[in-house]
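The notes follow in the order I checked things.

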Amino acid sequence: MTKKMILLNASPRKNKNTAQMLESVMKGAQEAGAECELIHLTSLNYKGCVSCFACKRTGNKCGGLCIQKDDLRPVLEKILEADALVMGSPIYWSFPTGMFRNVIERLLFPILRYDLDEKTGGVSKYLDKKMQTALIYTMNVTPEAYEQMNYGTLHAPDQQYMQMMFGSCEVLNVHNTWQFPDYSKYDTSAVDVNLKQWYRDNQWPKDLQAAYELGKRLIEKAE
């Protein structure tokens, strides 16, 4: 049976850094035999969790799927039927975009039960879904600034929650990305454009290759 991968672009731009990384992931997955769909979240009209708690009602029939019906609902349905999920987002003010956060809320919260799991002693789930997942973050900061600003600590919970709900989650960080076609047209005197260019010429191709290998690997590992 053909394996399926859903890719979500949580950037407001459909053809720049984050989208290009996801396209490279998709290429790797397709070459591994997967059927892929790349969805640009900026084209959808949806909100985050509205705290209706329908997914927590005793005897609810949600099955781990958010009950709210908007443009995100069919996307969530596709995710829960997929073998792999990859979400990509630029980092704005230390965090992924609001589009990314809203999906995380709507995807993960309905799966979580407030009951204890008698076997493990931990919290239980409404849906026992195993899926290969990954998060890709594109960002303006260098690896050194990433460490200094504790980005790893800030971003760790999303990876942990994805692992908790689906069994696995890889993270690919892409640093010091090229933001403008022509830096001379913007107020960027504090930016080391030469270093930016070096990253674009030398590191960016490696990042694209890492994304390609990630897509291929996720499909090969999918059950």
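I count two residues as in contact when heavy atoms lie within 4.5 Å. The model is a predicted one.

Entry 1, leucine 85. I asked which residues leucine 85 touches once its neighbours within four places in sequence are left aside. I found Ile6, Leu8, Ile79, Leu107, Met131, Gln132, Thr133, Ala134 and Met162 in contact with it.

I looked up the largest nonpolar core and got 37 residues, with Leu8, Ile79 and Leu85 having the most contacts inside it. I then listed the elements that each supply at least two residues of this core: strands E1 (4-9), E3 (84-92) and E7 (132-138), and helices H2 (73-81), H3 (98-108), H4 (143-148) and H5 (151-166). H3 gives the most to this core, six residues. I noted another core apart from it, of 21 residues, including Ala29, Ala34, Leu38 and Val174.

The crossing of H3 and H5 is left-handed.

I also wrote down which residues make the contact. H3 puts in Phe100, Arg101, Ile104, Leu107 and Leu108, and H5 puts in Asp158, Tyr161, Met162, Met165 and Phe166. Sorted by class, the contact of H3 with H5 has eight nonpolar residues, two charged and no polar ones.

Methods: Residues are numbered from 1 along each chain as its sequence is written. This is a predicted model: local features need pLDDT of at least 70, side-chain atom pairs count only at pLDDT 80 or more; totals for chains, interfaces and linings use all residues. Side-chain values use heavy atoms; hydrogens and water are left out. A nonpolar core is a set of buried Ala, Val, Leu, Ile, Met, Phe, Trp, Tyr and Cys residues joined through side-chain atoms within 4.5 Å. Buried means under 20% relative accessible area, exposed over 50%, partly exposed in between (1.4 Å probe, protein chains only). Helices (H or I, at least four residues) and strands (E, at least two) are DSSP runs, numbered from the N terminus. A crossing is left-handed if the near helix is turned anticlockwise from the far one by less than a right angle, and right-handed if clockwise. Ala, Val, Leu, Ile, Met, Phe, Trp, Tyr, Cys and Pro count as nonpolar, Asp, Glu, Lys and Arg as charged, and the others, Gly among them, as polar.
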